[in-house]
Amino acid sequence: MREEPRSGCAINAAVEVLGDPWTLIVLRDVIFGGRRHFRDLLTRNEEGIASNILAGRLRKLVAAGLLTRDDAARRGQRATYTLTEAGIQTLPVMVALGAWGLRHRPTTPELAVRARILADSPHLVGDLMDELREIHLGVTPESRSSLAASEQLRQAYEAARSQAP
């Protein structure tokens, strides 16, 4: 991966890291799905990512500084991927993409529920970022709401699935 972007444009610099669909899907699965191991990312991916594509995107995300891979894992062992602060800060980008997708693309109710909740609840985005910092970086938030942001999203998803025909 290139160290320097092709130009000084901030949009170009971001697109060079996040500009392909699989990279964003892998980040989505780490952020929202709590998937931190290759096998989980591969087998629980709804879009059917190929193993070679997943391996390449994980390497790219590590090289770009959005994920880290534990050094303790050797060949054949389960490596754990961890979000960095830069990776956690992609959450508002994901929320904006989800809100755009809700407005302009066909979606299904059960898979759009997270995007709808986050678009309608900006405070939840900050809470989720704090939760991710605690899980991935070991940073304890200054304050904690009574129900974790991820649990609020999970409950809303389950409710939407139970209402689906």
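Biologist: In this model, at roughly what angle do the axes of H7 and H8 cross, and how should I read it?

Modeller: The structure is a predicted model, and in it the axes of H7 and H8 come within 5 Å and cross at roughly 105 degrees. Angles from 65 to 115 degrees count as roughly perpendicular, and therefore H7 is described as roughly perpendicular to H8. On the H7 side the contact is made by Ile 117, Leu 118, Ala 119 and Asp 120, and on the H8 side by Pro 122, Leu 124 and Val 125. Sorted by class, the residues of this contact divide into 6 nonpolar, no polar and 1 charged.

Biologist: How do H8 and H9 cross, and which residues of the two helices meet?

Modeller: The axes of H8 and H9 come within 8 Å and cross at roughly 120 degrees, which makes H8 oblique to H9. From H8, the residues Leu 124, Asp 127, Leu 128 and Glu 131 meet Ala 149, Ser 150, Gln 152 and Leu 153 of H9. This contact of H8 with H9 has 4 nonpolar, 2 polar and 2 charged residues.

Biologist: What angle is found between H2 and H4, and which residues make their contact?

Modeller: Helix H2, residues 21-31, and helix H4, residues 51-63, have axes that come within 10 Å and cross at roughly 80 degrees, so that H2 is roughly perpendicular to H4. H2 contributes Trp 22, Thr 23, Val 26 and Leu 27 to the contact, while H4 contributes Ile 53, Leu 54, Arg 57, Leu 58, Lys 60 and Leu 61. By class, these are 7 nonpolar, 1 polar and 2 charged residues.

Biologist: Which residues of helix H1 are buried, and what covers them?

Modeller: A residue is called buried when its relative accessible area is under 20%. In H1, which spans residues 10-18, the buried residues are Glu 16, Val 17 and Leu 18, and what covers the buried residues of H1 includes H2 and H4. The C-alpha atom of Leu 18 is separated by 10.0 Å from that of Val 93, although the two residues are 75 residues apart along the chain. Val 93 has its place in helix H6 and counts as partly exposed because its relative accessibility is 38%.

Biologist: Where does Tyr 157 sit, and which residues does Tyr 157 touch?

Modeller: Tyr 157 has its place in helix H9 and is partly exposed, because its relative accessible area is 24%. Leaving aside residues up to four places away in sequence, Tyr 157 touches Glu 110, Leu 111 and Val 113. Between Tyr 157 and Arg 114 there are 6.7 Å in space, C-alpha to C-alpha, although they are 43 residues apart in sequence. Leu 111 and Arg 114 are among the residues nearest the centre of the largest pocket.

Terms used:
Residues numbered from 1 in each chain as written. Predicted model: local features only at pLDDT ≥ 70, side-chain atom pairs only at ≥ 80, totals over all residues. Heavy atoms only, no water. Axes fitted to C-alpha atoms, helices over the stretch in contact; angles between N-to-C directions. Helix = DSSP H or I, 4+ residues; strand = E, 2+ residues; numbered from the N terminus. Parallel < 35°, antiparallel > 145°, perpendicular 65-115°, else oblique. Contact = heavy atoms within 4.5 Å. Nonpolar A, V, L, I, M, F, W, Y, C, P; charged D, E, K, R; others polar. Buried < 20%, exposed > 50% of the residue type's maximum accessible area, 1.4 Å probe, protein only. 1 Å grid on protein atoms, 1.4 Å probe; cavity = no way out; pocket = protein on both sides within 12 Å on 5 of 7 lines; lining within 4 Å.
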